[in-house]
Amino acid sequence: MKLMGYQRENGTYGIRNHLLIIPASVCAVEVSNRIAQKVTGAVSLPHQHGCCQMGADFRQTIRTLTGFGCNPNVGAVLVVGLGCEGIQPSQVAEEIKKTGKPVEFITIQACGGTTKTVTQGIIIAEKFAKILSSANRVPFPISHLTLGMECGGSDPTSGIVANPGIGIASDRLVSLGGSSILSETTEVIGAEHILAERFPDAEERGKFLTMVSNVEKRALAVGEDLRGSQPTPGNIQGGLSTIEEKSLGCMHKAGHSAPFMGALEYGQAVPPAKLGLYFMDTPGEDIDSITGMVAGGAQLIVFTTGRGTPTGCPIAPVIKITGNPQTFQTMEENIDINGGKVIQGECTLDDLGEEIFKKMISVANGEQTKAEKLGHKEFGIYRIGFTF
Amino acid sequence: MNPILKIHEKDNVATCLRPVATGEVFDLKDLQLIANEDIPQFHKIALTDIPVHGPILKYGQIIGLATQRICRGDYVHVHNIESTRGRGDREGDAK
């Protein structure tokens, strides 16, 4: 099966053609935002990090920022730094340059302040925007598509209808040679024994189980009951009683037929030589989780929600599906697919899986999702350490 | 679709696909179920009697333990079941 997308120098294909302005640290966020506001098609990544971080946490933040720049949905990148921050803008730019796409960096200290940096940034971004505007979509095999799977604001309909629906679409994509990522380590607690059986490789299985036990250890170290945080008050109000119940519903996103090829770190890229279904170590919090998968190269996100949520992503289309018919009615503005039809007996789960798959193809080929039309661009980096 | 959805044959709780009122009677494949209390839509109803600390089964898997005796037809939620995972509040008890 062929899709239509933007070919990149390194042989990958984007389903969008974004001009990305990356602030290397929180100190460059305001300047980056102002540049993005002035250039048509440009998007910035507001975040609070990039300085005074250490170790794995520091590396994870760099991996996320460079991963966004490397994502095939991005056609050109301007990195903006203050100049003295922990994450050096030159380092981020160099890493992204390896993809062959146009990349430049500027710093506020070298340009001489806010106004001069914004002016200089707009000149570079406009030059990039001109290059991107001449790009055309070309056919590419569906095996180049990586899907990120998310569930948020879950209720019992997520586990009964919406997540199994995504699972059908994910199985189909993987059977056609594409890749798919299951995420949210917290929402594996209580279901890890079932998912572990689907890792043929013992080393990768071990990595996956360690990720789950590490997250549970972190929760235990707080000294309180996880319930109330996971499941959230909204999950509980919807009818989910425990993290085990939530997890056993969440895991259906991974479908049934495909084996797990491996377990990825947060923001780690799917190995091009070994495509297929993967697990990624992300938190249950939706924005940080989607950000990790997109940093790992996912061009498209499918997102199930029982309670309803508006959120999107700065560079990847996010398709929303609810299994709750009332939620579709109250939040139709934000939700693309009504899986509540299955609960009401109007269609089967297989029909829903087919509808989700068709929507994925049409969105990959350019159809805008509701989150895109409404301008939702939420972005959040998963922190695993302290700021010093 | 039956308003009471039992997902796995081993399950001792089921999901109410619509709000259920006290005294409502449901005919399931192998049992008759009477709701002992009002249950909100998509929340759970007990299919069997469950003893204190007995496992709660949904999807054929343990989703928690009963904190009190639960009778067939009772509303099952955070007031009468608890998680066994992520219990930092219990860490002291185990030691």
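This report walks through a chain contact, a helix pair and a sheet.

## About the model

The model is predicted: local features need pLDDT of at least 70 and side-chain atom pairs count only at pLDDT 80 or more, while totals for chains, interfaces and linings use all residues. Residues are numbered from 1 along each chain as its sequence is written, and chains are lettered from A and ligands numbered from 1 in the order in which they are written.

## Where the chains meet

Chain A brings 28 residues to the contact and chain B brings 24 residues (in contact means C-beta atoms, placed from the backbone, within 7 Å). On the chain A side, the elements giving two or more residues are α6 (156-175), α8 (202-221), α9 (233-238) and α10 (243-250); helices are DSSP runs of H or I with at least four residues, strands runs of E with at least two, numbered from the N terminus. That side holds 12 nonpolar, 9 polar and 7 charged residues (Ala, Val, Leu, Ile, Met, Phe, Trp, Tyr, Cys and Pro are nonpolar, Asp, Glu, Lys and Arg charged, the others, Gly among them, polar).

## A helix pair in chain A

Helix α6(A) also meets α14(A), among the residues involved being V161(A) and I166(A) from α6(A) and L352(A) and F357(A) from α14(A). By class, this contact has 10 nonpolar, 2 polar and 2 charged residues.

## A sheet in chain B

In chain B, 4 strands make an open, antiparallel sheet ordered β1-β2-β5-β8 (strands pair if DSSP finds at least two bridges between them). At the edges, β1 (4-5) and β8 (75-76) of chain B each pair on one side only.

Strands β2 (13-16) and β5 (44-46) of chain B are joined by 3 bridges in the antiparallel sense. A14(B) has I45(B) in β5(B) as its bridge partner.

Note on methods: Contact = placed C-beta atoms within 7 Å.
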